[in-house]
Amino acid sequence: MSVNPTNNKSLRNALFWLICVLAAFTRFYKIQEPDHVCWDETHFGKMGSWYINRTFFFDVHPPLGKMLIGLSGYLTGYDGTFAFDKPGDKYENTSYIGMRVFCASLGASIVPVTFAIVDQMTNSPTAAFFSSLFILFDVGLITLTQYILLDPVLLCFMMGSILGAIKVSSNSSKEFSRKWWGWLIFTGIMLACCTSVKFVGLFVVLLVGLITVMDLWNILGDMTRPVSDTVKHLFARALCLILLPLCLYTIFFYVHLKVLNRSGNGDGFYSSAFQSQLIGNSLYNASMPHQVAYGAVVTLKNHRTGGGYLHSHFHLYPEGIGARQQQITTYTHKDDNNKWLFKKYNSDNVDGVEVLRSGDLIRLEHVATRRNLHSHKEQAPVTKKHYQVTGYGENGTGDANDVWRILVKGAKEGTEVTAVTSQLKFVHYLQSCVLTTSGKQLPKWAYEQQEVSCNPNIRDSSALWNVEENIFDKLPSVNFEVYAPNFLERFLESHAVMFQGNAGLKPKEGEVTSRPWQWPINYRGQFFSGSQYRIYLLGNPIIWWCNLVVILLFLGVFLVNCVKLQRGYIPSLSDPHRQKLKACAWLFVGWMLHYVPFWAMGRVLYFHHYFPALLFSSMLTGIFVDYLLEEILKFFSDNRVANTVYHTIVGIVLSVILYSFYLFAPLAYGMSGPSASEANSTMYGLKWMDTWEF
């Protein structure tokens, strides 16, 4: 390296290809180990299998990442039969390596794309090389990108979005030329893919949007150009960065819903009409009576998005939780314990066919346990302002607290109750409260099903139910196809269910979670494999802590330069100087956008959520190290001394990065033997923080 290698094309190419080779080697090394399910492979490997088998499922993330994992498995010989039950299950004869190689390939591509992004932003191969090394030798990124996970897919598309946006913004190609349009379309495609893998991809959309707004503002402010240029750019960006991603995003969902056409265990999160489109579902091509009559056996589905079925089972509320009567919950899976019998409030006998009508007083008997749906003035188990709902009585005989008034939403009294289409409320006759579900998860004593209660506020929006299954032989049946939703309705419902599922994610008992303040300091990692062959997700501490120091240094330098410019101490910054500080500023914005929003999230959070932000802080560090090197050289008038100092510092930086990687590489590639806390462990002495568990 020379002191100023900016225009050295051969050096730039040599560094780029070196980075590519190292990225491939570090990501594919020991890709087949361990030969068992690791961490969230149990989820995303299973979902890949479901795509191969065309089995519908529920997940809180958009579908593209899982579809690509399923496709990669299918193309490399995986047949979709492995269960992916739990971490530690041996793969044995399963063709799992193809899916790992696919994810690792996308993970490896992050490193050369980093080089291209930083080189484009700074015109400095040295800064690009440093940034790439900080990402290349981070053991946490290696761990996260070697397995069957969504993270390597997300990070690849995220970096592709940034590269495309920088290429368009830098005017490296003539405006409106084929190459310029190519980069603009590429950016739109990457944005669509990014948001189609995880919703955190929206942070990248926001960053690209800010870059685009700045570009348009600069074009508008160029007095040598007509306003029509700004308008042309506005329409071009809107077409490629808004309309194109929206179309692609919708297409991905169309493919998702088209491929997953068979019933699976996620059906219960969706409406009855949605389920009627799934082959193998009890509602698919089903025929049942349209009207609901006394004596009908039904299932009642809560009408809120993701609402479950009214459910009971042979278990009582525990001591201290209201009355020790039978539990009533909602359950999101189909089950015989979801079945209820409609009865008159004052008789068990039905003569002929008598259709239920809005305003009728009724009782609901749980078919399996023969206990009636009941409420009384005891506190609900979780929502204390509501009343407890229980199963009460013996063989269908109970008391006056079993009586409910059935109401059809938006209909006059006397309107017939119909399956699927009628939105029903059940108002308790004595307590004047309405049957509802809070959506809150009950403890293990209720098998973590959802709370059912009786709300004194009868306007509760979660108190709407519909009859899904309607079993009654004395009425003529109609085909369920009449309730079939179109693609747009299914598309919108899918999103409502995902958003609700995301917001409702809570930690399971004993699960290792984390908070955003812990992430940048590498406070605690996470086991990917906890057997004798251990894999532990933890960032390279030297790189992570340097990133934090550099962010603080950059803010100080940026503020000082702003003050100097404002006070006239310096007329202007040199072009390379300004270019690097501007690049650092944009990367700082990217880091903030991918980190700060997590502080406001109520859902459960994990350590791996920080890795998108890490990419921005590592690129910022690489650029700022190059910036500091050039600043240091200004103190030396002798070029030979300057060259010596330059290469010495570069050598120290490279040595520290490589040595820290050498020390912590076993976390990514596998540890065996005693844990680091034991004196005879090969990792003894590397447990620099008590919270590290390897």
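This is a predicted model: local features need pLDDT of at least 70, side-chain atom pairs count only at pLDDT 80 or more; totals for chains, interfaces and linings use all residues.
## The disulfide

A search of the whole structure finds one disulfide. The partners are C433 and C454, whose sulfur atoms lie 2.0 Å apart. The link joins distant parts of the chain: C433 sits in the loop between β10 (424-428) and β11 (434-441), whereas C454 belongs to strand β12 (residues 450-455), and the two cysteines are 21 residues apart.

The link of C433 and C454 is right-handed, with 95° about the S-S bond. Both cysteines, C433 and C454, are buried. In general terms, a disulfide is a covalent bond between the sulfur atoms of two cysteines.

C584 counts as buried, because its relative accessibility is 1%.

## Salt bridges between helices

The whole structure contains 22 salt bridges. As background, side chains of opposite charge can pair when their charged atoms come close.

One of the salt bridges joins R100 to E41, with the closest N and O atoms 2.9 Å apart. R100 is located in helix α4 and E41 in helix α2 (residues 41-53), so this pair ties together parts that are 59 residues apart in sequence. R100 and E41 are both buried.

Another salt bridge is formed by D215 and R237, where the closest N and O atoms are 3.5 Å apart. Because D215 lies in helix α9 (residues 201-221) and R237 in helix α10 (residues 227-259), the pair ties together parts that are 22 residues apart in sequence. D215 is buried, as is R237.

## A network of charged residues

Salt bridges also link K343, D348, R363, E365 and R370 in a network. Within this group, R370 forms a salt bridge with E365, and the closest N and O atoms of the two are 2.9 Å apart.

The accessibility of these two partners can be stated separately. R370 counts as partly exposed, because its relative accessibility is 36%. E365, with a relative accessible area of 6%, is buried; the value is under the 20% limit for that class.

Once its neighbours within four places in sequence are set aside, F102 is in contact with L68, I69, S72 and V153. The separation between F102 and V560 is 458 residues in sequence, and their C-alpha atoms are 46 Å apart in space.

How values were computed
Residues are numbered from 1 along each chain as its sequence is written. Side-chain values use heavy atoms; hydrogens and water are left out. A disulfide is a pair of cysteine sulfur atoms within 2.5 Å. Helices (H or I, at least four residues) and strands (E, at least two) are DSSP runs, numbered from the N terminus. Buried means under 20% relative accessible area, exposed over 50%, partly exposed in between (1.4 Å probe, protein chains only). Contact means heavy atoms within 4.5 Å. A salt bridge is a side-chain nitrogen of Lys or Arg within 4 Å of a carboxyl oxygen of Asp or Glu.
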